[in-house]
Amino acid sequence: MMRFKKTLMGAMAGTVLMGASMVQAAGNSLNGAGATFPYPIYSKWFYEYNKANGTAINYQSIGSGGGIQQLTNGTVDFGASDAPMTDEQIAKVKTGVLHFPTVSGAVALAYNIPGVENGLRLTPEVLVGLYDGTITKWNDSKIADINPGKTLPDLNVTVAHRSDGSGTTNIFTNYLTKVSTKWAEIAGFGTAVKWPVGVGGKGNEGVAGLITQIPGTIGYVELAYAIKNKLTYAHMKNKSGKYVEPTLASTTSAANGALKKMPADFRMMITNAPGEESYPICGFTWLLVNKSYADAEKGKAITDFLKWYLSEGEGMAADLYYAPLPESLVVKVKSQIKQVKF
């Protein structure tokens, strides 16, 4: 835990330093925006890359929907999203778009239930019941029956969700849709859905804040945010019937289980992955890069960074609770860099 705090603090400090660096490195900088899910690792990468190569990278953690929109509008040099862009969205980007997977991460179900420590067990059916509003008390028999030994209070359930366009929401609702035809009919999946119940928070930070402030709340956040905020989180029943904790190992297992079906453009969801050790609510996150850059300097800067993160940055992921890309996938992603024209 202490190691994580030091690393994360260094990453956040790097964000401040990058702002100053951009003033000094006019013309030798990149601007990006998007997903909050990978913000801890991206902050670390951009800080370390700036130190090593002198290129300042300014990143706005505004949510995947915002990143896609800014890339579409041409106001950033790259976007970032935990939801792969649809064919319709890609068609709106004049330069075309390439998806570069960076890491995979777990979406933790964090909760604030007085007297209940880490490791509350949840099944897909219970999770859907909480989020569709049919389970309203924490001592409901559906929860109590799968949690022998835990004393669950007679406390109202509050569910927290994202209020902004969010790739984390896309991962979470994609999972709910896979495990429940009822959820698919009620809300479906996407970066934003019509929630049956609950309160909204902006960014992973906002949802974590709601969980901390309101007793009885459960919400979905990227694992690093749950750890950073010292939140307790659930063990989910996976496709093999095992209750699995969100960890680096269980995230890696989910990513490896999906590799055989990875498409050539890398747009793939890995929720509800096979494997006894796989945590079921995981996803890749992507950098969204233009296929062509009119500014050759920008094009070279972005391709240089892509080469760096695949060679150097992946080794920094585990310290921040993200799973690095499997080596076999890194080789394929590296080959895509040559498609970026400038």
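**Working through the model**

Mentor: Start with Leu98, found in strand S4 (residues 97–112). Helices (H or I, at least four residues) and strands (E, at least two) are DSSP runs, numbered from the N terminus. This is a predicted model: local features need pLDDT of at least 70, side-chain atom pairs count only at pLDDT 80 or more, and totals for chains, interfaces and linings use all residues. Residues are numbered from 1 along each chain as its sequence is written, and side-chain values use heavy atoms, with hydrogens and water left out.

Trainee: Does Leu98 count as buried or exposed?
Mentor: Buried, because its relative accessibility is 4%. Buried means under 20% relative accessible area, exposed over 50%, partly exposed in between (1.4 Å probe, protein chains only).

Trainee: What is Leu98 in contact with, leaving aside neighbours within four places in sequence?
Mentor: Leu287, Leu288, Val289, Lys291, Gln336, Gln339 and Val340. Contact means heavy atoms within 4.5 Å. Take Gln336: 238 residues separate Leu98 and Gln336 along the chain, yet their C-alpha atoms are separated by 8.2 Å.

Trainee: Switching to helices. How do the axes of H12 and H13 cross?
Mentor: At roughly 175°, and they come within 10 Å. H12 covers residues 296–311 and H13 covers residues 327–336. That makes H12 roughly antiparallel to H13. Angles under 35 degrees count as roughly parallel, over 145 as roughly antiparallel, 65 to 115 as roughly perpendicular and the rest as oblique. Axes are lines fitted to C-alpha atoms, for helices over the stretch in contact, and angles run from 0 to 180 degrees between N-to-C directions.

Trainee: Which residues make the contact?
Mentor: From H12, Tyr309, Leu310 and Ser311; from H13, Val330, Val333 and Lys334. They divide into four nonpolar, one polar and one charged. Here Ala, Val, Leu, Ile, Met, Phe, Trp, Tyr, Cys and Pro count as nonpolar, Asp, Glu, Lys and Arg as charged, and the others, Gly among them, as polar.

Trainee: Now strands. How many bridges join S1 to S2?
Mentor: Six, and the two run parallel. S1 is residues 29–34 and S2 is residues 56–61. Two strands pair if DSSP finds at least two bridges between them. Gly34 has Ser61 in S2 as its bridge partner. From S1 the chain crosses through helix H2 (residues 39–53) to S2, a right-handed β-α-β crossover. Right-handed means that, with the strands pointing away from the viewer, the path from the first strand over the helix to the second runs clockwise.

Trainee: What about S5, S10 and S11, what order do they take?
Mentor: S5-S10-S11, an open sheet with mixed pairing. S5 (121–122) and S11 (243–244) are at the edges with a single partner strand each, so one side of each has no neighbour in the sheet. S5 and S10 (residues 235–237) run parallel, joined by two bridges. Leu122 stands opposite Met236 in S10.
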